[in-house]
Structure formats: structure tokens, C-alpha cells
Amino acid sequence: MAAKVLQAAKMGIWTIEIEPDGQSRLYADDVLLELFGLTGRPSPEECFQHWYQNIEPSYRYAVDDALRRIVEGEVVETQYLWRHPERGWRYVRCGGQREPGDAAAIRLNGYHQDVTGRVSVQREKEWLEQLYSDVTQSLGILFDGILRLQLQENTVLVVQSAAFPEKIGRTMPLDRYIKMLQPFFAGKELGRLAELMKRETLLRLRAEGRDRFTQECPVKGTQGKGWYAFTVLLDDRRAAPDHVVVAVQDISRQKHSEAQTHRTLQTLRYHAQRDPLTGLYNRAAVQEYVDGYLETQPPEELSALLLVDLDNFKSVNDTLGHLKGDQVLCEVADLLRHGFRENDIIGRIGGDEFVVFLGNIKTAENAEHSAQKLAGWLQRTYSGPQGSVTIGGSVGIALAPARGSSFQQLYHGADQALYQVKGRTKNGVALYQND
């Protein structure tokens with residue numbers, strides 16, 4: 001009986017679990033699965049991703065804030081736009097609270113209700129004049145400019161402006177307004193902005209159920225380059241189908257902060273993936289990239305892992321000193337870096353152990369030929385006050401997909417081949433054979 005009531009009300013029940021490592025799961029009842037447009041029994045992880053990825057992007061901040069407040073113990077309700085896989089954009093009312101307890105995972109319980117029909121009826125009761133009065137009063141505090149588009153007449157009314165030298169209260173043809181912005185935008189960006197404000201584009205967005213859409217544009221001005229966001233606020237009421245509000249906001253500071261954060265993350269990622277001495281990839285990064293390559297490698301394609309071990313390197317440290325040993329390792333790294341293709345994966349995975357992954361090679365002979373050249377390059381003599389030391393290189397080869405489809409499998413095969421070389425005369429090459 002309760003299930004029928006929930007179904008009639010278009011309300012589904014959910015439980016979200018958030019693990020300490022950040023993994024999120026969503027458990028849905030049958031009504032919610034129907035509201036999600038899902039069939040069968042997807043995993044809780046798939047349910048969470050399906051729900052979260054279909055939230056209209058401009059509402060994501062509000063939804064994230066609601067989840068945060070629920071985790072902190074509040075009882076929260078919010079409303080947002082959500083894309084159904086078959087029915088398109090739907091208005092959703094969602095609320096929940098945190099389940100008490102000291103379990104490791106955080107559990108949130110709540111509901112998801114489709115209120116599209118109710119929202120549409122409510123909007124039809126509002127008057128256009130009140131809408132624009134409210135919009136201009138509330139947005140005027142937050143935005144640098146407010147425009148009102150009249151789609152039928154293809155005109156722009158400048159309601160407020162602090163972004164560009166527009167005349168407040170002036171109505172002008174849309175094409176003239178776009179032309180007035182030419183000094184501030186590159187041709188491509190101005191074309192995108194003009195396309196956004198076209199009557200056909202705005203009617204299409206409205207037909208899709210969107211009530212807002214934001215486009216970010218780089219601008220040029222007397223104080224250098226910056227960024228502005230143009231947010232179109234669509235009104236789908238029958239009383240005024242041709243009126244649209246556009247809010248303009250300077251987001252230069254936000255963009256600068258985002259770029260700085262991105263550069264910081266890129267720097268951290270670079271150092272996390274690199275061997276600090278040679279600058280080559282470390283073992284974890286090599287494994288990540290090789291596994292990623294092998295996952296998408298076509299069955300008919302051939303690739304090879306070359307495992308390189310320096311011969312007599314210990315004598316360099318013992319005779320010439322550890323500083324000289326570090327110099328030798330850096331020279332070997334440069335040799336590998338310049339001796340192979342730019343898209344080959346090269347790393348240092350141990351003290352004097354290096355690896356080269358060759359993707360998309362024609363034959364096994366090509367891999368052996370590359371390994372033979374490498375062994376020849378590595379054979380050289382280093383001298384110092386205490387004497388001279390000659391080093392070389394032994395190389396073991398494993399082929400994919402014959403030997404395996406993961407880094408660990410290829411590494412194991414190449415290591416066995418390398419062991420054969422070391423057991424003979426060193427400074428040689430061996431290809432792993434299944435027998």
C-alpha cells in the first residue's frame with residue numbers, strides 16, 4: 001500500500017552511503033529506479049553515478065551544499081533540475097537526513113520526488129512584471145550586467161550595466177548590441193555569444209526544459225584579459241514566451257584561481273609520477289600508463305616491454321663514488337629519453353633498473369632490434385681518480401598480448417628473460433618464450 005502511495009506521488013526513497021575513502025553508493029527502492037529510468041538491478045555505485053551525473057550542471061553547487069549540510073546533521077530539502085534518460089529535464093524535490101550511528105560509512109536517508117507538473121502550474125500563475133522586478137532586484141546585487149531579450153522583436157534592453165559601456169534603459173536591435181561588443185571579444189567568442197542569444201537557440205533550450213544556461217567567454221580590455229559569464233534565465237510560461245533575462249558576471253578572479261589550482265595540481269601530479277633523480281616515470285606511473293594502453297590495445301596489435309638492468313653498476317658506486325653513480329643513472333635516462341619515440345613509456349623502477357614500453361610495433365624482431373641497439377648504447381667506460389669502470393646493459397623482452405595483458409604479467413616475463421641474460425654473459429638480450 002505504501003509503495004502505491006509513493007508511486008502515485010512520484011516519490012522514491014534512497015539511502016546514500018559515503019565511505020571514508022570517498023566511495024559513494026546509492027540504494028534505491030523500486031519507485032526511485034522507475035523515476036531514474038533504470039531497468040534491472042544496477043549496482044549502488046552505478047545508481048549514485050547515474051543520479052549525480054544527470055543533475056543540471058548549474059544546480060550542482062546547490063546539491064553538493066545540501067549533501068554537505070545533511071552529513072553535518074541538518075535536515076535539508078532542495079529543488080533542482082534533473083535529466084531523465086527518456087523524459088528529458090524534470091524538476092526534482094529532494095530531501096534527507098543523516099542516519100545516527102558510529103559506523104565507519106556515513107549513511108544518509110531521503111526521498112526524490114518528481115515535481116515537474118507542480119512547478120509548471122505554479123509558474124503559470126506568476127505575472128511577467130513581477131518576475132522581472134524580482135530578477136532585477138535580486139540579480140542586481142550579484143551580477144555586473146542584466147539584459148532583457150525580446151525574442152519576437154529580436155531586441156535587447158540593457159537593465160543594468162557595469163561590465164561594458166552600454167546605455168542603461170536603452171533598447172536596441174540584437175545585432176547592433178553584438179556589434180557593440182566587438183572590441184571586447186575575439187571573433188570566435190563573439191560568434192558563440194551571438195549564437196547563444198539567437199531566438200532559435202533560446203527556444204530550443206526552453207523546449208529541452210532548461211531554465212538557465214551559462215556560457216563563459218574570455219574578454220580583452222584596457223586592464224588586460226579577463227572572463228565574463230553570460231547566464232541566460234529562461235521563462236517557460238505561456239504569458240510571455242518571448243522574454244528572456246541574461247545576467248552578466250565578471251568571473252576573472254574565479255578563473256584565475258581555477259587556473260592557479262590547476263597548475264598546482266599538475267605540478268603535484270608531475271612530481272608524484274616522476275623519479276626524483278632522473279625525471280623519468282616511477283614504477284607506479286609506468287604501471288598506470290602501461291595498463292591503460294593495454295586495456296585499449298586491439299587484439300591484432302603487438303607491443304613489447306623492455307626490462308633493462310645495468311651490468312657492473314655497483315662497481316661505479318664502489319670505485320668512483322655515489323655522485324658519479326647518480327651521474328651515470330641520469331645519463332642512461334637521457335639516452336633512453338632520446339633513443340625512443342616520444343609516445344613510448346620510459347621509466348626507472350628500481351636502483352639501476354629501467355623499463356621501456358613500445359606500443360604498436362610491427363614484429364617481435366623490431367623489439368629485439370631496439371633492445372640490441374640499447375644494449376650497445378649502454379656499454380661505455382667511466383673514469384675517475386680511483387680508476388675506470390666499464391658498464392653495460394642486459395635487456396629482457398616480453399610481448400603483448402602473447403605474454404599477458406597487464407604490466408605485472410609483462411614485467412614477470414621480461415624479468416625471466418633478463419635472468420637468462422644475466423646467467424650467460426650479461427650485456428645481451430633475451431626474448432621471453434612460453435617454453
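1. R98 stands opposite L108 in strand 5. Strand 4 and strand 5 are paired antiparallel over seven bridges; strands count as paired if DSSP finds at least two bridges between them. The model is predicted, so local features need pLDDT of at least 70 and side-chain atom pairs count only at pLDDT 80 or more, while totals for chains, interfaces and linings use all residues. Residues are numbered from 1 along each chain as its sequence is written, and side-chain values use heavy atoms, without hydrogens and water.

2. The protein contains 15 helices and 17 strands. Both are DSSP runs numbered from the N terminus: helices are H or I with at least four residues, strands are E with at least two. Of its 435 residues, 44% count as buried. Buried means under 20% relative accessible area, exposed means over 50%, and partly exposed lies in between (1.4 Å probe, protein chains only). Among contacts between residues at least 6 apart in sequence, 55% join residues at least 24 apart; a contact means heavy atoms within 4.5 Å.

3. Eight bridges link strand 1 (residues 11-18) with strand 5 (residues 106-114), and the two run antiparallel. Here E17 stands opposite R107 in strand 5. Strand 3 and strand 4 pair in the antiparallel sense over nine bridges, and a hairpin joins them through three residues. R83 has W89 in strand 4 as its bridge partner.

4. Strand 12 is largely enclosed by the rest of the structure, because 10 of its 10 residues are buried. L302, A304, L306, V308 and L310 point one way from strand 12, while S303, L305, L307, D309 and D311 point the other way. In a regular strand the side chains alternate between the two faces of the sheet. Strand 12 runs antiparallel to strand 14, joined by seven bridges. With strand 16 the pairing is also antiparallel, over nine bridges.

5. D309 lies in strand 12 and is buried, with a relative accessible area of 14%. D309 stands opposite E353 in strand 14, and its bridge partner in strand 16 is S394. The side chain of D309 makes a polar contact with that of K422 (2.6 Å). A polar contact is a pair of N or O atoms within 3.5 Å; within protein, one must be able to donate a hydrogen and the other to accept it, and residues adjacent in sequence count only if both atoms are side-chain atoms. Not counting residues up to four places away in sequence, D309 touches D352, E353, G392, G393, S394, L418 and K422.

6. Helix 15 (residues 407-423) has 17 residues and reaches 24 Å from first C-alpha to last, close to the 24 Å expected at 1.5 Å a residue. The expected span is 1.5 Å times one less than the number of residues. Its buried residues are F407, L410, Y411, G413, A414, A417, L418 and V421. They cover an arc of only 165° around the axis, so they are on the same side of helix 15; the arc is that of the directions from the helix axis to the C-beta atoms. Y419 and G423, on the other side of helix 15, are exposed. The buried residues of helix 15 pack against helix 11 (283-295), strand 12 (302-311), strand 14 (353-361), strand 16 (387-400) and strand 17 (429-431).

7. V246 is found in strand 11 (residues 243-250). V246 is buried, with a relative accessible area of 0%. V246 and F230 are 16 residues apart in sequence and 6.4 Å apart in space, C-alpha to C-alpha. Apart from neighbours within four places in sequence, V246 is in contact with G145, I146, L147, L149, M197, F230, T231 and V232.
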